[in-house]
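Open the model in your viewer and keep the selection panel at hand. The stops below say what to select and what is there.

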Amino acid sequence: MDCEKDVINIIAKVLEVSPELINEETAIGDIQEWDSLRHLIIISELEKEFQISFEPEEIMDLEDVSDIVAAINERKGVI
Amino acid sequence: MIYQSIVEKIFHIADLTPNANAIIYDNKKISYWELTSKILAAKEYFINKFKIKEGDRIILSANKDPGFIFAYFGAHLCGAIVVPIDPEINKDRFQFIFEKTKPSVIVGLSKIGEQFSNLIDISIFHNLNYDLNTTNLIDFPESDEIADIIFTTGTTGQAKGVMLSHKNITAAATNINAFIGNNQNDIEILALPISHSFGLGRLRCVLHSGGTMILLGSFANVKKLFREIELNAVTGMAMVPSSWLYIKRMSGQRIANFANQLKYLEIGSAPMELEDKILLTDLLPNTKICMHYGLTEASRSTFIEFHSQKEYINSIGKATPPISVVIMNETGVILPTNSEGEICVKGNTVSLGYWEDPFLTLKSQSDGYFRTGDWGSIDNQGFIHLKSRKKDLINVGGKKVSPVEIESVIIAISEIKECACIGIPDPKGLLGEVVKAFLVKEENSEFSFDYVKKQIEGKLEFYKMPVAFEWIDEIPKTSNGKIQRHLLKQ
């Protein structure tokens, strides 16, 4: 199951922007509102929503929405 | 030669090294020559389109964008006063600043300033050009003229407009550059916001020394931050303690990969845990790690360098001439060594006072010293030890938050009888402090914390939102009704 839409909705909610502004190529920090404080909230909301816990090494490698989606899919066993 | 303003120094550097890189943004390089051309174009634009004259105020949305830099120094060249504000400012605070400063132009803030006719977009400044060959004599601002009004959060929640002269901001840059040892070979990456004194101060320092400033949106994307450091051979950066906690959480100890590259690191705006100071010292053994203590009103008053002053690493360092720091008692008497009292600062970086508030200006000074409101002592070696910040401000990831502002929003909910907010250590250990709200319900009312959260959503910037709540029977107060926040912290 692809979680891209859910991920985008969570990010948009935290950033208080329209989900239409975000797509799989949107990189962390591309949108002005996406600062470090909000990024921490996004990570924590994603962990809660998908009942996973990112390792520090994984977090460092996340650079855009597609990376986040891939990391969650991998965790959930979706290929 | 002593320059009267930062903008004058920038033009001098452009004469000497016109092709040197001043700014790098989005992989585009802006030379000092181009920077001065853009600054002159911005000046002409302000004068021709808005008839800006000396002393007029210009509200400038402090976006991390070269357009901000062109407009900022262009406004200074007109003799105008810049009021830099956070692009994410809330409506009430904006309205307050607007009424207080009566600006002639607002740059940026299209969402919030839409009713104002003299509202322009920051991108306009990207496309303006000026033929430098036509330039005759440039009239630079005088050192005693007001350069900026920076609105800071006061204890009452009401913003205070700190007036900084060209002398103040030039002296601050000169002093810091001397302590850190900045020069034209430095390449710094700026991930801090420039709407706050620290970030804006770094921008001034780098341009004052003829170095190169790389603008990065924020620390959010640490992978990108490290890539930029590597690609651009960055020699220095600035961070607040929570930036370091974030970098550590996101990347572990990978900053050590740049141990032989980073010449300096400047830290400030909030206290840092001893273990983090030691960790950074270990990870970056060859980097000059400078931490400052200062306020918007008295920028960079003291400095400590972690390696060379290791024994005093838990102090806030020393004041270096021409800055003088003393400890005073309540009546303004200077206290002897090792006595505790209020930290007071005198020198060329100390603000002219508060905009249109002569009473507060007078109250904040004593015998030529600025009274910081912070508590501490000076030891035999001249090192200053900060004991507490007298003000009740909450420091969320380097951003100062007034509890009174949050309380006034919460108390507007009709089911809430009383409320008091304090700062508590961030349970996740990342932001330093976060906001906790103590609430007293009106009798016979029944509702959840989620209800409270929903009611205040959108009325406060997100970092001001309480993350912890607690019901309480009564808010502890003094006999004259002042909230005793220290009792809530116990």
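**The main core**

Start with the largest nonpolar core, which has 178 residues; select Val7(A), Leu35(B), Phe46(B), Phe68(B), Phe125(B), Met237(B) and Ile410(B), the residues with the most contacts inside it. A nonpolar core is a set of buried Ala, Val, Leu, Ile, Met, Phe, Trp, Tyr and Cys residues joined through side-chain atoms within 4.5 Å; buried means under 20% relative accessible area (1.4 Å probe, protein chains only). Helix H2 (residues 32-50) of chain B gives the largest share of this core, 9 residues. Helices (H or I, at least four residues) and strands (E, at least two) are DSSP runs, numbered from the N terminus.

This is a predicted model: local features need pLDDT of at least 70, side-chain atom pairs count only at pLDDT 80 or more, and totals for chains, interfaces and linings use all residues. Residues are numbered from 1 along each chain as its sequence is written, chains are lettered from A and ligands numbered from 1 in the order in which they are written, and side-chain values use heavy atoms, leaving out hydrogens and water.

Next, select Leu35(B). Beyond its neighbours within four places in sequence, its contacts (heavy atoms within 4.5 Å) include Ile10(B), Ile69(B) and Leu207(B).

**Backbone stops**

Go to strand E14 of chain B and select Arg300(B). Its phi is near 45 degrees, a positive value in a residue other than glycine, and Arg300(B) is buried, at 7% relative accessible area.

Finish in the loop between strands E14 (298-305) and E15 (324-328) of chain B, at Pro322(B). The peptide bond from Pro321(B) to Pro322(B) is cis, with omega near 10 degrees.

Conventions
Buried < 20%, exposed > 50% of the residue type's maximum accessible area, 1.4 Å probe, protein only.
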